[in-house]
Amino acid sequence: MNPLWRDQLRLVNFILHRAAPNDPAAVPGGLVALAAVPLERGLRAYGGHAQALSARALGQVFPRLAGHLGEAEFSALAWTFWREHPPQRGDLGQWGGALESFLQSRAGAASGLPGLARLEWALHEAERAADSELDAASLQCMATETPDALRFHLRAGVRVLCMEPEALALLPLESPDSGWILAWRRGWRATWTPLTAAQAGFFRAVAAGLCLDEALQAAERCTEPGEEPFDFSAWLQSALREEWLQGASAQPCAGRC
């Protein structure tokens, strides 16, 4: 191993609390000859900076989770997560995708925390999604194509999430009874809205690349007792107004979409 890489790895091991500061195996070779106290103090400063950075970076992506847990508990969570799932890239905005599974193993779904992390990460990804504009010209095919050959395309960052009741309890009162939520970016800010089961079924079918006919059938199958039937006209108006829709295309199917 390149000596420079080895020294950097030793420093990282200490910052992540994988070794003690006075352990020669954990300290960069060029630093071993320095006085023990200044060395330990300097290395602990690196560790303290990383710990503060972990809470700050994670709090920017998961503000609802941070507010629910409180500053001290969230800071401890962020530091533990940093050590077990350290950032892989210099852009800390890409760090945090594994938090849902981390909370699932630590707190369980019944805590509501994994579901809350799932929603916040979806919102974060929506805000970072590539910019796109509605392809208005493509919608002309709606006048010429039959439902079994017409497909709609959602914008990047639009996601349908299934939320546990415990996670819904951590959200505002307008949370959906069905457990389905739509996350997307409106303008420059991510937002979310509750969905009925029928709406969620339609969205998931469209996201899977199914044609309009199949998507409508999916909405009908998912409609729960007492729920209003899926209204495609209302959906289309909302899709255009709320910036869910990227465009449409004519892609005939062979037997099924």
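Modeller: This is a predicted model. Start with H124, which touches V61 and G93 when residues up to four places away in sequence are not counted.

Biologist: In which helix is the place of H124?

Modeller: H124 sits in helix α6.

Biologist: Does H124 count as buried or exposed?

Modeller: Buried means under 20% relative accessible area. H124 has 14% relative accessibility, so it counts as buried.

Biologist: Which strands does helix α6 lie across?

Modeller: Helix α6, residues 113-128, lies across β2, β3 and β4, and runs at about 130° to β4. Helix α8, residues 197-207, also lies across β2, β3 and β4, running at about 125° to β4.

Biologist: How should I read the sheet itself, and in what order do the strands come?

Modeller: Read the order across the sheet, then the pairing. Here 3 strands make an open sheet, ordered β2-β3-β4, with antiparallel pairing. β2 (159-162) and β4 (189-195) each have a single partner strand, so they stand at the edges and one side of each has no neighbour in the sheet. From one strand to the next, the twist averages 30°.

Biologist: How many bridges join β3 to β4?

Modeller: Strand β3, residues 180-186, is joined to β4 by 7 bridges, and the two run antiparallel. To follow one of them, take I181: its bridge partner in β4 is P194.

Biologist: Now helix α10. Which of its residues are buried?

Modeller: In helix α10, residues 232-241, the buried residues are W235, L236, S238 and A239. Looking down the axis of α10, these buried residues fall within an arc of 165°, so they line one face of the helix. Q237 and R241, on the other side of α10, are exposed.

Biologist: What do the buried residues of α10 pack against?

Modeller: They pack against β1 (150-154), α8 and β5 (245-250).

Biologist: The ends of a helix are left. What is found at the start of α10, and which residue just after α10 takes a positive phi?

Modeller: Check the side chains at the start and the backbone angles at the end. At the start of α10, a side-chain oxygen of D231 comes to within 3.1 Å of the backbone nitrogen of S233. Just after α10, E243 has a positive phi of about 70°.

Methods: Residues are numbered from 1 along each chain as its sequence is written. This is a predicted model: local features need pLDDT of at least 70, side-chain atom pairs count only at pLDDT 80 or more; totals for chains, interfaces and linings use all residues. Side-chain values use heavy atoms; hydrogens and water are left out. Two strands pair if DSSP finds at least two bridges between them. Helices (H or I, at least four residues) and strands (E, at least two) are DSSP runs, numbered from the N terminus. Axes are lines fitted to C-alpha atoms, for helices over the stretch in contact, and angles run from 0 to 180 degrees between N-to-C directions. Contact means heavy atoms within 4.5 Å. Buried means under 20% relative accessible area, exposed over 50%, partly exposed in between (1.4 Å probe, protein chains only). The arc is that of the directions from the helix axis to the C-beta atoms. A polar contact is a pair of N or O atoms within 3.5 Å; within protein, one must be able to donate a hydrogen and the other to accept it, and residues adjacent in sequence count only if both atoms are side-chain atoms.
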